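Have the sequence and the structure open as you read.

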Amino acid sequence: MQHVRGNSPLNYSVIKRKTVERFDAIIIGAGAAGLFCAAQAGQLGLRVLVLDNGKKAGRKILMSGGGRCNFTNMYTEPSAYLSTNPHFCKSALARYTQWDFIELVQRYGIAYHEKTLGQLFCDDSAQQIVDMLLKECEAGQVNIRLRSEVSHVEKKEQDFVITVNGKEVSTRSLVIASGGLSMPGLGATPFGYRIAEQFGLQVLPTRAALVPFTLHKPLLEQLHVLSGVSVPAIVTAANGTLFKENILFTHRGLSGPAILQISSYWQPGEFVSINLLPDTDLDAFLEQERSSHPNQSVKNSLAKLLPKRLTECLQMLDQIPNIALKQLNSIQQKQLVLNLQSWQVQPNGTEGYRTAEVTIGGIDTHQLSSKTMEANQVKGLYFIGEVVDVTGWLGGYNFQWAWSSAWACAQAL
């Protein structure tokens with residue numbers, strides 16, 4: 001055989017095989033669910049890679065609870081979650097509970113307090129929760145790569161091959177923890193929904209939830225003077241769901257805990273009913289006022305129960321009659337009680353994903369295992385946290401879903 005040297009076209013060259021970095025599990029999303037799942041899986045002995053497009057891990061955690069992170073709720077139970085498959089969340093919530101996460105927080109010496117209704121916040125800063133999760137990841141030797149743009153995901157035989165920043169990595173187990181569409185300013189994208197659809201999973205319609213209402217212009221113009229006023233109330237949706245907490249008047253409409261809660265149950269075009277005096281027997285109060293101060297105006301009497309600005313505004317809206325108490329007849333009184341304890345307001349819409357705390361809808365949970373979070377038809381593909389169709393109430397419930405779904409997934413990995 002003749003050997004050819006030099007620059008001959010027959011010259012042999014060494015062909016290098018492209019080596020692809022391989023991991024036991026790759027998790028896309030360095031938020032609450034992604035970091036917690038990675039830490040658990042790493043500590044179980046798996047080689048784990050976390051990818052995120054942001055500059056920082058846990059961006060939404062840092063923003064939450066006014067910077068103090070409402071990390072769970074003591075009263076967490078399945079009834080506090082919305083889903084087209086209401087039984088789905090039960091297994092994960094039962095296997096990794098709020099008490100399990102509280103025990104972890106205590107182990108790290110993080111001081112916390114209950115604000116109201118079982119809501120637990122850090123005394124100091126949400127950064128403590130992020131630091132705790134990162135230390136847990138460190139204990140599991142998790143590899144976290146930020147500023148990582150995933151451009152392509154495909155399944156080749158048993159493995160998922162992910163193209164990230166132009167390079168390929170592979171894994172048997174791919175976990176999507178990329179969140180929903182809420183707070184796009186923190187990097188939220190429909191990435192998780194696109195992956196689900198790519199692999200044949202159904203994505204249910206999404207909408208902003210735990211979000212303030214906007215109001216139609218005429219009402220907004222009359223209420224704008226109340227911006228900053230907050231009152232306790234009961235807010236009821238058209239389907240009868242109600243929440244008793246504060247409402248807040250804003251320059252765009254209505255906010256506050258009761259409004260954010262009810263927004264998850266509201267559909268466009270519907271009215272909400274607002275009880276502005278949830279703890280008052282208004283008939284008895286008016287009778288007493290009439291006998292004590294018959295010449296006092298109805299508005300001034302009600303200013304003993306409600307902020308003065310609010311009573312003035314409600315009179316302008318014809319919700320409070322401009323008469324003295326002695327002139328208030330039984331029909332007018334009945335109407336007044338109705339106006340104040342069942343005030344009918346039709347929102348124009350919501351402020352949308354920009355200010356929404358969570359996304360309702362997402363990956364249809366009928367296609368996932370409630371025990372492992374794995375897609376029934378795609379072995380090795382998992383979805384956890386906000387990307388799936390499980391949405392909790394305001395007050396730490398969504399973080400608890402992140403921890404519980406992440407834990408369940410990690411055990412399966």
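Buried means under 20% relative accessible area, exposed over 50%, partly exposed in between (1.4 Å probe, protein chains only). This is a predicted model: local features need pLDDT of at least 70, side-chain atom pairs count only at pLDDT 80 or more, and totals for chains, interfaces and linings use all residues. Residues are numbered from 1 along each chain as its sequence is written, and side-chain values use heavy atoms, with hydrogens and water left out.

Q: Is cysteine 89 buried or exposed?
A: Its relative accessible area is 3%. That falls under the 20% limit. Cysteine 89 is therefore buried.

Q: How many disulfides does the structure hold?
A: A disulfide is a pair of cysteine sulfur atoms within 2.5 Å. For cysteine 89, the closest cysteine sulfur is in cysteine 409, 17 Å away, so it is too far for a bond. The count for the structure is 0.

Q: Which residues of helix 6 are buried?
A: Helices (H or I, at least four residues) and strands (E, at least two) are DSSP runs, numbered from the N terminus. Helix 6 covers residues 191-198. Its buried residues are Phe191, Gly192, Tyr193, Ile195 and Ala196.

Q: How are helix 4 and helix 5 oriented, roughly parallel or roughly perpendicular?
A: Axes are lines fitted to C-alpha atoms, for helices over the stretch in contact (heavy atoms within 4.5 Å), and angles run from 0 to 180 degrees between N-to-C directions. The axes of helix 4 (residues 98-107) and helix 5 (residues 127-139) come within 11 Å and cross at roughly 90°. Angles under 35 degrees count as roughly parallel, over 145 as roughly antiparallel, 65 to 115 as roughly perpendicular and the rest as oblique. Helix 4 is therefore, relative to helix 5, roughly perpendicular.
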